[in-house]
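Please view the sequence and the model together while reading the points below.

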Amino acid sequence: MVARKVLLSSLASTGYIDEAYCLFEEMAEKGWKSNLKTCNILINALGKAGKSKLAWQVFLFMEDVGSNPNVVTYATLIDVLFKVGNVDEALQLFEQMKEKGCEPDVVTYTTLIDGLCKVGQVDEAEKLFSQMIDAGVSGNAITYTSLIRGLGKCGEVDRAGKVFQAMLAAGCKPDVVTFNVLLDVLCKSDRLNEALKLFSDMKKKGTADLVSYNTVLMGLHRARRVREAYKISEEMTRKGFVPD
RNA sequence: UUCGAGUUU
């Protein structure tokens with residue numbers, strides 16, 4: 001039995017997900033217990049493998065194996081549901097977790113905000129952001145970046161800029177991903193020169209990475225600024241980056 | 001001390 005438990009967690013975290021699921025189900029049917037962490041890892045692994053139905057099954061079996069879903073369980077499954085396009089179920093699960101008295105944390109809110117943005121529901125995403133603040137949960141760099149990207153993708157560049165300002169005002173420090181998203185938004189909204197300005201600042205600070213380079217490279221090509229694009233790709237090779 | 005969330009193509 002102990003051996004099985006060890007086997008289950010290692011299977012779940014090494015990619016043998018079908019095997020892990022079968023073992024989990026067998027254990028559940030025999031009334032054996034599983035760790036909460038193991039269940040969460042399994043739900044995540046199944047989701048990442050596109051097996052959202054099995055991820056749900058694990059969730060449903062959790063009671064039987066003596067583990068109550070926690071905030072990680074809910075956030076993980078909500079993310080899985082969004083990623084397979086089950087927006088309604090994801091939102092229902094969010095309601096369910098609150099009904100059960102499980103307090104959503106930043107990751108939970110961020111998962112929802114990102115998921116809503118990715119299906120184009122940016123207004124809903126912004127509402128949720130306000131709800132999060134009202135609930136006394138502060139956004140982090142990932143939360144703000146998700147919202148900025150979503151708004152930018154919808155052509156709401158000014159709103160995206162406002163969120164960035166709000167991020168700074170809230171004392172939340174933008175990271176490389178935030179800046180890369182900003183680069184992309186600017187590149188794709190006829191504000192390439194602003195993107196280039198930001199990019200040179202990033203290079204000065206030494207924070208430009210492969211994604212920053214690729215993003216700017218694409219932006220320059222889109223704008224038919226071939227010579228500058230060529231210079232950037234040369235610069236990339238010099239720095240050891242491989243352009244796409 | 002890594003069970004969950006964000007970026008280009």
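**Surface near the RNA**

The residues of the surface near RNA strand B comprise 11 nonpolar, 13 polar and 13 charged. In this classification Ala, Val, Leu, Ile, Met, Phe, Trp, Tyr, Cys and Pro are nonpolar, Asp, Glu, Lys and Arg are charged, and the others, Gly among them, are polar. The model is a predicted one: local features need pLDDT of at least 70, side-chain atom pairs count only at pLDDT 80 or more, and totals for chains, interfaces and linings use all residues. Residues are numbered from 1 along each chain as its sequence is written, chains are lettered from A and ligands numbered from 1 in the order in which they are written, and side-chain values use heavy atoms, with hydrogens and water left out.

- Of the atoms of RNA strand B that come within 4 Å of the protein, 51% belong to sugar and phosphate.
- A polar side-chain atom of Lys 188 is placed 2.8 Å from a phosphate oxygen of RNA strand B.
- For Asn 180, a polar side-chain atom lies 2.9 Å from a base oxygen of RNA strand B.
- An N or O atom in the side chain of Thr 111 is 3.4 Å from a sugar or linking oxygen of RNA strand B.
- Two or more residues of the surface near RNA strand B come from each of H3, H5, helix H7 (106-118), helix H9 (141-153), helix H11 (176-187) and helix H13 (210-222).

**Overall architecture**

- Chain A has 14 helices and zero strands; helices (H or I, at least four residues) and strands (E, at least two) are DSSP runs, numbered from the N terminus.
- The C-alpha trace of chain A spans about 65 × 40 × 30 Å along its principal axes.
- Of the 244 residues in chain A, 45% are buried; buried means under 20% relative accessible area, exposed over 50%, and partly exposed in between, with a 1.4 Å probe and protein chains only.
- Among the contacts in chain A with a separation of 6 or more, 56% join residues 24 or more positions apart; contact means heavy atoms within 4.5 Å.

- Helix H3 (residues 36-48) and helix H5 (residues 71-83) pack at an angle of about 10°, and their axes are 9 Å apart. Axes are lines fitted to C-alpha atoms, for helices over the stretch in contact, and angles run from 0 to 180 degrees between N-to-C directions.
- H3 and H5 are therefore roughly parallel to each other; the term covers angles under 35 degrees, while over 145 is roughly antiparallel, 65 to 115 roughly perpendicular and the rest oblique.
- H3 contributes Leu 36, Asn 40, Ile 43, Asn 44, Gly 47 and Lys 48 to this contact, and H5 contributes Val 72, Thr 73, Thr 76, Leu 77, Asp 79 and Val 80.
- By class, the contact of H3 with H5 has five nonpolar, five polar and two charged residues.
- Within helix H4 (residues 52-61), the buried residues include Ser 52, Ala 55, Trp 56, Val 58, Phe 59 and Phe 61.
- Helix H2 (17-29), H3, H5 and helix H6 (87-99) are the elements against which the buried residues of H4 pack.

**Selected buried residues**

- Thr 73 lies in helix H5 and counts as buried at 0% relative accessibility.
- The side chains of Thr 73 and Asn 70 make a polar contact of 2.8 Å. A polar contact is a pair of N or O atoms within 3.5 Å; within protein, one must be able to donate a hydrogen and the other to accept it, and residues adjacent in sequence count only if both atoms are side-chain atoms.
- Not counting residues up to four places away in sequence, Thr 73 touches Leu 36, Asn 40, Ile 43, Phe 59 and Met 62.
- Ser 212 is located in helix H13 and is buried, with a relative accessible area of 0%.

**Loop residues with positive phi**

- Asp 190, in the loop between H11 and helix H12 (192-205), has a phi near 60°, a positive value in a residue other than glycine.
- Asp 190 is exposed, with a relative accessible area of 78%.

Definitions and conventions. Near = heavy atom within 4 Å.
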